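Please find below a short note on the structure under review. The points concern the interface between the chains and one annotated region.

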Amino acid sequence: MNNFGVIEIASTTTKTTPGWAYVPDTGPTLPAVAQPSNRKRAARNQTVVSLSDLSAREETRLRKELDALDRDNHRDVNIPIPPRPGGGTRAQNKHTPNVRKILQSQKTFANHLDDYIAMLALAESNPVAAAAMNAALAKPSTPTTATPKSASPAPSASAAGTSKRSAAAAKRAAAKEKQEQERKKAKQTPKPDPEPEAEPPQQPAPAAQQDDDVEMTDAAAAAVQPAATSSNKEQEPKPQTYPRESQILPPYAKPPPRPHPGDNDPLLVSVIPPFPSDDELRALMTSPPLNYLEARATWGEEESRYPVRVFCAVCGYWGRVKCMKCGTRVCALDCLETHREECMTRYGL
Amino acid sequence: MAGSRKSRAAGPPPPSVTLVLDNGADTIKAGVVTGDTADDRPRIIPNCLARDRHKKTYVGSELEKCRDFGEMAFRRPVEKGFIVNWEAQREIWDREFFDDKAPQRCDPSETRLILTEQPNALPALQTHCDQMVFEEFGFASYYRGIGPAFNAYQDMQAIFHTPRTPDTSIDTPAEVILLIDSGYSHTTVTPIVQGRPLHQAIRRVDVGGKLMTNYLTRLLSVRHFDMRNETYIANEMKEAVCYVSMDFSGDLDRTWKGTRGERRADYLTGGGIAKDYVLPDSHTTFHGVVRDYDPAGASSRARRAAVSTEDVLTLRNERFVVPELLFNPSDIGLRQPGLADLVMQSLSVLPIGLWPGLLANILIVGGSAKLDNFIPRLQMELLKRVPDECVVRVARPEDPVISTWLGAANFARHEHVNRLAVTKQDYEEHGAGWVARKFSAGLGVDS
């Protein structure tokens, strides 16, 4: 097959143009899987459909339901502000242009969020234009010649603009942070603190340039032969030295708890995770805020591994039976019959 | 830092009166701090314009005068925890604080405003807020900080009932806490060290009181009768009967009626879970009443209903399925982790050395924290997820709704406020962008 002379060039760039696009066919699509050649074992051979690849219809239904749950009122209401009994006694001085724009803005949170997303997208795809827009919008004294209505996005845009730089800085910082984290993770449990840990007294203090390695062995030794090291550490109470010499979180100053005969039991020795250094804490405490979307928690590995629980649409018990017509889950025959009536009115016999 | 570099002597002294506002989506918690004395409790003002079925509109605290909450419609200036509609918000603030006859009158030009906001706000909305505060209301001094962080300025060890000698000084802000704020619009997890929120680890799940009320409304509308226009009544019902289940599948089994023809014993007796809820009839009663389940059955109730015409709902698994959304949002198809996983996700970006401190000092605030069994359930779920050595200690303050306000009131008397607050002169000189940067920079590290 020469594909009629069309040669596809492998590239990683994708263009977001409205309309349609060639999509690489990377795997079997769901309908193909749903119709295996052997009809007999069709039900058994179906691949497990997880929530992430629901059909588009299901997806839409879910989204609608969630939107409905997110509303303040069931119906759209428009409640105008009633006149004040005293006619409003606070001096109604003239509004500044900014205030007038804000008061007249009828935007909802969703509108603002969309604006913000668009701003982020612009900054990513076309930093030059975004910077130019920034510069134009950052001037606070821009005369507002436009009508308030058309100008209403302006304050938000300028706001996003001014803070976009900080957002970019935040992103950079976050990236750095991540690297830092990764680096730390790589080094793992034995925290390479600048100063050597509470060393066993008889062990000579290692040279400064080697402290990384030496501490590794030290920690490993502590893990493997807890009895040996714990006998050494017996004299020094751990809590006192725990957040060592930290300026930010002062160490525990009270007398340590009474020693217990079981303290040296190798089975009872607990691992105290290395305390973050002041520098790490400082970086954490001064890191810039995430944006609204980044802070939204999403499913991690853990959650997507478990199947989603399903419930009876009628009574709320476990959904153990599926309606053969519409796929709604019900618990048992009793609820299935109730559901049938509704199903019948909706989809016919 | 920035505060010390600026010479305060040049400007006027900071105003002695501080208005502390915790401007939530459902209610405003408002109180005044004068010098070293603060109100004991904030006034709780409904943050909405409400309209009843007779087309009468109530603004803010006027809602107290309303008796019949049937078919109540609401307009809320705060969406998702952020002030979006300033037209409505200004009206409510004017009536509560700035009018001559306002119940908590104060003069903005001689007052400092401390306003809470939710973490991770959109910059556009933050700028709107700053502009309104200075250009419309004209406050003399102002600080806008994220709500959860203010909780660190409370006496944390008293909330956890830590034993201590009486002479120990109460140091605020608390050294390390992990704050869970479960409010009207969403639930956030914020680790806080020395009063500074660790921004990289703040996480949010979009389950809050509103979603739970709406879910209850939906369940009732499917199973009993249409309550979709009765949000207020459904919310009252949620607050009265809902609880967090410690054994979800067990409770679910106990409320199951059984298959066809079968009626399980637990179902008939109520299984200790079923409750009757008497709906208000809007003529003689205006608030619902919870009753123990009456196992004598529907027939006797039908007979009584014929004479007394009261509407009774029997609530079974609705009682615990609704708060379950906090721990399993995927039950309604919301692809987000539950609260315990949310805490773990937040911790996962922090060094492990901080985990023990954070896990031993978990504080839950916000209206949804009032749900029964919330704390033991969270503690149970967290214990399954954290390393064995970690102590997990979860607590909630006496009144979780006003906790943020109390913290903010303490903050208003703390020396930190003078380093963070911005005066009107600063705003006029440097502009909104500078103010936003100063607020987002926060305290810095030096204590």
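The numbered points that follow refer to a predicted model.

1. Extent of the interface. Chain A contributes 95 residues to the contact, and chain B likewise contributes 95 residues. Together the two chains bury about 9,100 Å² between them. Of this area, 56% lies on carbon and sulfur atoms.

2. Nine salt bridges are found across the interface of chain A and chain B. In one salt bridge, the side chain of A:Asp72 meets that of B:Lys210, with an N to O distance of 3.9 Å.

3. Elements on the side of chain A. Which elements of chain A give two or more residues to the side that touches chain B? They are α3 (56-69), α4 (97-104), α5 (109-125), α8 (153-187), α12 (278-286), α13 (292-295) and α15 (333-347). The most is given by α8(A), with eight residues.

4. Residue classes. On the side of chain A that touches chain B, 53 residues are nonpolar, 23 are polar and 19 are charged.

5. Annotated region. An unreviewed UniProt entry lists residues 309-336 of chain A as "domain: HIT-type". In the model, the chain over residues 309-336 of chain A is 14% helix and 14% strand. The end C-alpha atoms of this stretch are 19 Å apart.

Definitions and conventions:
Residues are numbered from 1 along each chain as its sequence is written. Chains are lettered from A and ligands numbered from 1 in the order in which they are written. This is a predicted model: local features need pLDDT of at least 70, side-chain atom pairs count only at pLDDT 80 or more; totals for chains, interfaces and linings use all residues. Side-chain values use heavy atoms; hydrogens and water are left out. Contact means heavy atoms within 4.5 Å. Buried area is the accessible area (1.4 Å probe) that two parts lose on being put together, summed over both. A salt bridge is a side-chain nitrogen of Lys or Arg within 4 Å of a carboxyl oxygen of Asp or Glu. Helices (H or I, at least four residues) and strands (E, at least two) are DSSP runs, numbered from the N terminus. Ala, Val, Leu, Ile, Met, Phe, Trp, Tyr, Cys and Pro count as nonpolar, Asp, Glu, Lys and Arg as charged, and the others, Gly among them, as polar. UniProt positions are given in the numbering used here, feature names are shortened, and annotations may be inferred rather than shown by experiment.
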